[in-house]
Every structure is written in structure tokens, then in C-alpha cells.
Amino acid sequence: MSPGMQGAMVLLLTLVMLLSGAPVAFGLGAISIVFIVIFQGFDALHVVAETFYSGLNDFTLVSIPMFVMMGAAIGSSPAGKDLYEALDRWLYRLPGGLAISNLGACAIFAALTGSSPACCAAIGKMGIPEMRRRGYPDDVATGSICAGGTLGILIPPSITFILYGIATETSIGRLFLAGVLPGLMLTSLFIIWTLFIIWKRGFRSHALDFRYTWKQKFQSIPKIAPFIAIIAGVMYVLYGGIATPSEAAGVGAALCVVMAVVIYRMWRPKEWWAILRDTTRESVMILMIIAAAVLFGYMLTSLYLTQTLALAIADMHVNRWVLMGMINVFLLICGFFIPPAAVILMTAPILYPIIKAAGFDPVWFGVILTINMEIGLIHPPVGLNIYIVSSIAPDVPVTRIMWGTIPYVLCMMLAIVILCIFPEIATWLPDHMMGGVH
Amino acid sequence: MDLFVRSVKSVSQLFGFIAAGLIALSVLVVCHMVFVRYVLNQNTIWQTDFVTYSLVAATFLGSSFVLTTRGHVAVDILPLYSGPRQRWWLALFAALVTLFFCAAMTVLTFLFWRESWDNRWVSDTMWRARLWIPYAAMPVGLGLLTLQCLADLVSLVSGREPPFGIVKEHR
């Protein structure tokens, strides 16, 4: 059977398996075993266990549970509420200040937790009712929080970048830095759109009949500052070349748990278990997909499917930007149905040689890929953030939330276009801080 | 059957605690490693291996616990939007796929573990760790995962659990 035919069979069966609702890790693993047996016989099975184990036997992967725990410690504490209050008390008199403080809080909380759903839930619980109370339209209030939540996977530290870095052997430190300016740009685009739409609908600066005192303005900052300092410290250690990502994240996780206990008095076993349970759930889920994706990648490579696909695309001689457009559409469709971690682990090893051959910077592509994955988080049919926001504001119809997210999807597409025209927005910071050669 | 389903779930939960403990322990060992390496300026021998092995073990041992909490992500778009009958068949297919993978991997990883035991494999790092110890997490964790899959299948077929845990219609 030709590699093309084999590839079509693998693609079809993978789609059937994933769409059936079987867990991604087990579905991918099952397909890998079946195709290894069909095309290489039972003898080839002796490498399966070793390949599966080797997928996880890597010290770099240690950073995943560590970063997850950092986010879980902050996410389980009322830090999101304090962050939101702090920003609101400083920005409440600006026109649209509440929208700015919401999206700003999302961006900072994104940096603290690296988790899109956690960000959406923590800031949304405070932000959405407050925006609606002050007269913001429902679709803007819910849509902006959905969009703000997605910043969690772009602004470092981001699990998505770690996974991309591991899957393509790209520097994780460089990827983190590459996410900073696009993250700020995307936050700005979200804010600009929000201010524009509320201005266009005739919403003006709300005449609040109260003012926060200076004491109130400074009240929440001491609670938030230690967490921001820890994240800043982790980043400094990472980029100063002082420690590896796993070491920096490990110490950061321990410090975040200690801070949550000290500042928010989270010393009850139930609260500790909540942090550990969330960490275990998310880490095991991601690591299982990594092991299965390594097995899947092994199957694709040993059947020469990856190489055949890369050659076929190279033989098409299409313009590299047409190719980039096609890859983005492909990723967009994948992101509509499949969670970001699974999409990245499944597609990055296949796309990486194609991207390199077409002369694109893999770090820059990592940022494009991540923004693309962000779209899937707020776009139907799956759109995880939409359902989280829907549970926070159950009286707003889901369709209204979905319509509210569409302009932000367009903002993200605009960000991808801007990054294609000005790749330096992503590459300047890592090149400047870590040198140009990689 | 109830006893089987409940017992497997309890063991899965116990292993969930063990996995969480291993992750917590790894965080402490990483902190210890950083202290030894950067504060005392000494070489570290066992820490890197220990943390890596612990997290791999946590992944396998905690996998059945994560399955009981429906924590393994799946593409649930078809199950969400299909009718109850189709959803049941989808759930049966998904459960059988999961069971097939876990059972096959339990056998394969057990054979791999036995090879490491028979040949007294050790790691090629300074620690020279006996590899049958970390490798044992694979057949144990995946074996428990197989039992958990079987319990889930029993729950689905006997009507104890709704397919994919979806109770109300999604629209």
C-alpha cells in the first residue's frame, strides 16, 4: 500500500476515533497500536512500551506539573478577586475603565496561572456581574471575558509554549519571551475593540456617585504583589540562565503554595487537596497525551507518513505565505474541535519540518499557532471559555455570548495577520535578550 | 457488580492520592536540588532522575483516578449534540477503544518491565537506578486503568452511569 493510501487511512481512523468521544490520549494510542500491527506485524509491538515510556522520561517535562501547580495554587485562592479589585479601584473613573481593568486583570492573571479556563472563571466571576451592573451590554461583558481568558495560553509562562517547545525541540525560554509582545498587542486589540463598541452603542463614562480612597486603592496590592513577584522571579531566573525551566517552575510552585497559605490562610487539608487534585488532574491528562502523541509520532514516522507529507507539500511549490495560510486554516479547524494541548502535540511534529523547509522561524510560528489555538477556545462548536462564562452568567443566552466573542475572534485573526507582516513583534524580544542565533 | 465498580473506584482514588503525593514530593525534591546546586554549589546525583521517575509514575498511577473524574480530555462535540440512543452507542465504542488500549498496554508494559527485571537494567546516569522500579509504575497504573475502564463499561451497559456522564440534553 502506498504511503498516501496509508496516510488517508490513518487520518480517517484518527478522525473517527477522536469524534467518538474517546479520550484523546487513549484514542491516539489505540490507533498507533493498530497501525503498527497492520503494517509492521506483531513483532514491532516490542518497541511500543519503551516508546511510550521514553515519551515521558524527560526532565524538561517536569516543568509542566510545576507550572500547573503554580497556577492551581493561585487559581484556588481568592487572588483573582483581589487582582480584579485592585485594577478596578485604580481605573474605575476612566471611560470604559471597567473593561480595561477586566482585560488587564485577565492578562495579568493569565501570566500568573497560564490557564485559560481558570482566568475566565476567576476574573469573570467578578467582572461580568460588575460590568452588567454598570450598564455594559451583555454580549460585550461576556465576550470580553471569554477573549481575555484566552490570553492565559499566550502570555508566559504558558503550558502551550512548553508543549510546543518539547514537541519541536524549540527553546522554551525563547518561546516565552516571544509571547510577551504579541500578548500585550492582543490585550490592546481587545481593549480597543471593547472601548470602540461601547462608545458606538452610546455607552458613556458612568457617573459613579462614589470615589475610592487612596487607602482602598492600595488595599489589595500587598496581597497580589508577592504572586507577581514570584512569576517575575521565575522569569528572571529562566532568562538569566540561572536555572532550567523545570527548576525555576519547581521553586515557583513551592513559593506560590506557601504564599497562598500565608496570605489567604489556606492551611486546611481540603484546600491543599484542591490544589493537588487540580494539579494531578491536569498534569496527568497532559502527560498521558504527550506519551500517546510520541507513540503516534513514532507510528507516523516509521510508516514514512510524516516524511511523505512534507515531501508532497514541498513538491507542490506553493508560495510560502499560501502555505502558511493553508496551515492556519487547518489549525483553525482542528482548534474548533480539539483542545489546544492535543492539537499541538499531534500536529507540531508534522508541521515543524514543513515550517522549517519553507523558511519560517519556528519560534514565531509557535506564537501564531498559539493565537490560532486561542480562537478555538472562544469559537463554537467547542469554545470551552464560552461555557465557563455561560455558567457564570446563566441568564445570558449562549448564542448571545457566542455573538459577543466573534469580534474578538476577528481581533485574533488580525493579530495573526499583523504578526505575519511584522514578525519582529514576536522575534524581537527573544533575539534582543537571548541573541539572534537559535 | 456494585462491589466491583465501587472497589475499583476506591482503589483508583487511593492511587490518585499517591499520584498527588508523588507530584508534591517532586516539587520538594526540585527545591532541594536547586538549594544543593545553586546555594551549596555541589553536584546533584539522584534528584533529576528521582523527579523524572516520580512524575512518570504519577502519570501512570494517577491515570485511573483522572478517568473517574472524567479528566482525560476528549472531543465531546458528537456526544453532546447526538440523541440519547446514538450517544449510548458512541459511549460504548469509546469505552471499548479505551479498554482495548489499556489492556494491550498493560500486557506490553508488563513484558517490558519483566525484561528490565530479568536483565537487571540500571539507568545510564550517575545514580545507576534499578529501572524495574520506575518501570513497574506502567503495568501497575495501566492495569488499574484497565480495571477502571472495565468498571466504566459495566456502569454504562447496566445503566448505572449515563453515557459520557451527560444527564440533560445539550442545546
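Predicted model: local features only at pLDDT ≥ 70, side-chain atom pairs only at ≥ 80, totals over all residues.
Let's look at two of them, then move on to the chains and the helices.

Start inside chain A. The side chains of A:Lys81 and A:Glu85 pair up in a salt bridge, with 3.7 Å from N to O. Where do A:Lys81 and A:Glu85 lie? Both are in helix H5 of chain A, which covers residues 79-91. They are four residues apart, and that is about one turn of the helix.

How many salt bridges are there between chain B and chain A? The count is one. Its partners are B:Arg37 and A:Glu247, and their closest N and O atoms are 2.5 Å apart.

That pair is part of a wider meeting of the two chains. Chain B brings 58 residues to the contact, and chain A brings 55 residues. Which three residues supply more than any others of the area that chain B buries against chain A? They are B:Val73, B:Val75 and B:Phe101, which together supply 14% of it.

Now for the helices of chain A. To describe two packed helices, you give the angle between their axes and the distance between the axes.

| Helix pair | Axis distance | Angle |
|---|---|---|
| H2(A) (residues 24-40) and H14(A) (residues 269-302) | within 8 Å | roughly 25° |
| H4(A) (residues 63-76) and H6(A) (residues 97-113) | within 7 Å | roughly 130° |
| H9(A) and H17(A) (residues 340-357) | 9 Å | about 35° |

Take H2(A) and H14(A), whose axes cross at roughly 25°. Angles under 35 degrees count as roughly parallel, so H2(A) is roughly parallel to H14(A). The crossing is left-handed. On the H2(A) side, the residues in contact include A:Phe26, A:Leu28, A:Ile31 and A:Phe35. On the H14(A) side, A:Met288, A:Ile289, A:Leu295 and A:Phe296 are among them. By class, the contact of H2(A) with H14(A) has 15 nonpolar residues, four polar ones and no charged ones.

H4(A) and H6(A) cross at roughly 130°, and they are therefore oblique to each other. A:Gly71, A:Ile74 and A:Gly75 from H4(A) touch A:Phe109, A:Leu112 and A:Thr113 from H6(A). This contact splits into three nonpolar and three polar residues, with no charged ones.

Is the crossing of H9(A) and H17(A) left-handed or right-handed? It's right-handed. Sorted by class, the contact of H9(A) with H17(A) has nine nonpolar, two polar and no charged residues.

Finally, check out the backbone in two loops. Most residues other than glycine have a negative phi, and most peptide bonds are trans. The peptide bond from A:Pro156 to A:Pro157 is cis, with omega near -5°. You'll find A:Pro157 in the loop between helix H8 (138-150) and helix H9 (159-168) of chain A. A:Arg265 isn't a glycine, yet its phi is positive, near 50°. A:Arg265 sits in the loop between helix H13 (245-264) and H14 of chain A.

Methods
Residues numbered from 1 in each chain as written. Chains lettered and ligands numbered in written order. Heavy atoms only, no water. Axes fitted to C-alpha atoms, helices over the stretch in contact; angles between N-to-C directions. Parallel < 35°, antiparallel > 145°, perpendicular 65-115°, else oblique. Left-handed = near helix turned anticlockwise from the far one by under 90°. Contact = heavy atoms within 4.5 Å. Nonpolar A, V, L, I, M, F, W, Y, C, P; charged D, E, K, R; others polar. Buried area = accessible area lost by both parts, 1.4 Å probe. Salt bridge = Lys/Arg side-chain N within 4 Å of Asp/Glu carboxyl O.
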